[in-house]
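Subject: Structure handover

Hello,

Here is the structure I said I would pass on. My notes on what was found in it come after the structure itself.

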Amino acid sequence: MSDTMTSAQRSYNMSRIRSRNTTPERAVRHALWHKGYRYRLNDRRLPGSPDLVLPKYRAVIFINGCFWHGHRGCTKHTVPKTNEQFWRDKVARNIARDELNAQRLDTLAWTVITVWECELTKKKLDATITRIEADLQAAKAKYEHYLSIRRENREFAREQAMKHRDLLAQLEAELNLSKSLRRYATKAMVD
């Protein structure tokens, strides 16, 4: 089936799609807030600018749209027939960027939780929030364990500090990071 919109109409529709404060994000934020979780929004000091950052749990939450982030096996992830190769490449770049950001966050000792748009329907929302809560508790336990190992093992602490410095140098070179990010990441190494 061909596109029923003109190029100008399609361009206008695509320009209305936002990356922040989307309906799925608001649903998760609303549910977590009412359960007593407190968070920061889109913290640019962390790789990937996560949708929600929960410092107490040392966890970040990415709320991904199934179409834009290539959710495999989901009915919402379809490739448009118009300009098919462009869309395949775009989604592939998004997936690669998501994986790289997850690796960087893991190196900085953050737990990454991914929530897909299709998991936030009325039927699935409660189960998804329950899963997120379980993941947050596991993240908190994991970070506490990580800290206890760092306190007990000096060699492990040195290795972790070197990883953090290497990652910061790499990020700084790639993104020309500000001093605030360097301070924030250094603080994360000390915690």
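A count of aromatic pairs in this predicted model gives 7. In one of them, the ring centres of phenylalanine 86 and tryptophan 87 lie 5.1 Å apart and the ring planes meet at 80°, so this pair is edge-to-face. Phenylalanine 86 is partly exposed, at a relative accessible area of 38%, whereas tryptophan 87 is buried at 15%. Tyrosine 143 and tyrosine 146 make a stacked pair, with 5.8 Å from centre to centre and 25° between the planes. These two tyrosines are 3 residues apart in helix α4, which means that about one helical turn separates them. Tyrosine 143 is buried, with a relative accessible area of 12%, and tyrosine 146 is buried with a value of 12%. There is also an aromatic cluster made up of Phe67, Trp68, Phe86 and Trp87.

Tryptophan 87 leads on to helix α3, where Trp87 is listed among the buried residues together with Val91, Asn94, Asn101, Arg104 and Leu105. After α3 comes alanine 109, which has a positive phi, near 70°.

Next, the sheet. The model has an open sheet of 4 strands in the order β1-β2-β3-β4, and the pairing is mixed. The edges are taken by β1 (40-41) and β4; each has a single partner strand, so one side of each has no neighbour in the sheet. Helix α2 (residues 23-34) packs on this sheet and touches β1, β2 (52-54), β3 and β4, with its direction at about 140° to that of β3. As a reminder, the strands of a sheet pair through backbone hydrogen bonds, and they do so either parallel or antiparallel. Here β3 (residues 59-64) and β4 run parallel and are joined by 6 bridges. Within this pairing, valine 60 has valine 112 in β4 as its bridge partner. Helix α4 (residues 125-152) lies across β2, β3 and β4, and runs at about 175° to β4.

Is threonine 111 buried or exposed? Threonine 111, which belongs to strand β4 (residues 111-116), is buried, with a relative accessible area of 15%. Apart from neighbours within four places in sequence, the residues in contact with threonine 111 are Arg58, Ala59, Val60, Ala139 and Lys142.

Last, the cysteines. How many disulfides does a search of the whole structure find? The search finds 0. Cysteine 66 is in no disulfide, and the nearest cysteine sulfur is that of cysteine 74, 3.6 Å away. A disulfide needs the two sulfur atoms within 2.5 Å, so the 3.6 Å between the sulfur of cysteine 74 and that of cysteine 66 is too far for a bond. Cysteine 66 is buried, with a relative accessible area of 0%, and cysteine 74 is buried with a value of 11%.

Regards

Conventions. Residues numbered from 1 in each chain as written. Predicted model: local features only at pLDDT ≥ 70, side-chain atom pairs only at ≥ 80, totals over all residues. Heavy atoms only, no water. Buried < 20%, exposed > 50% of the residue type's maximum accessible area, 1.4 Å probe, protein only. Contact = heavy atoms within 4.5 Å. Pairing = 2+ DSSP bridges. Axes fitted to C-alpha atoms, helices over the stretch in contact; angles between N-to-C directions. Phe/Tyr/Trp six-rings, centres within 6.5 Å; stacked < 30°, edge-to-face > 60°.
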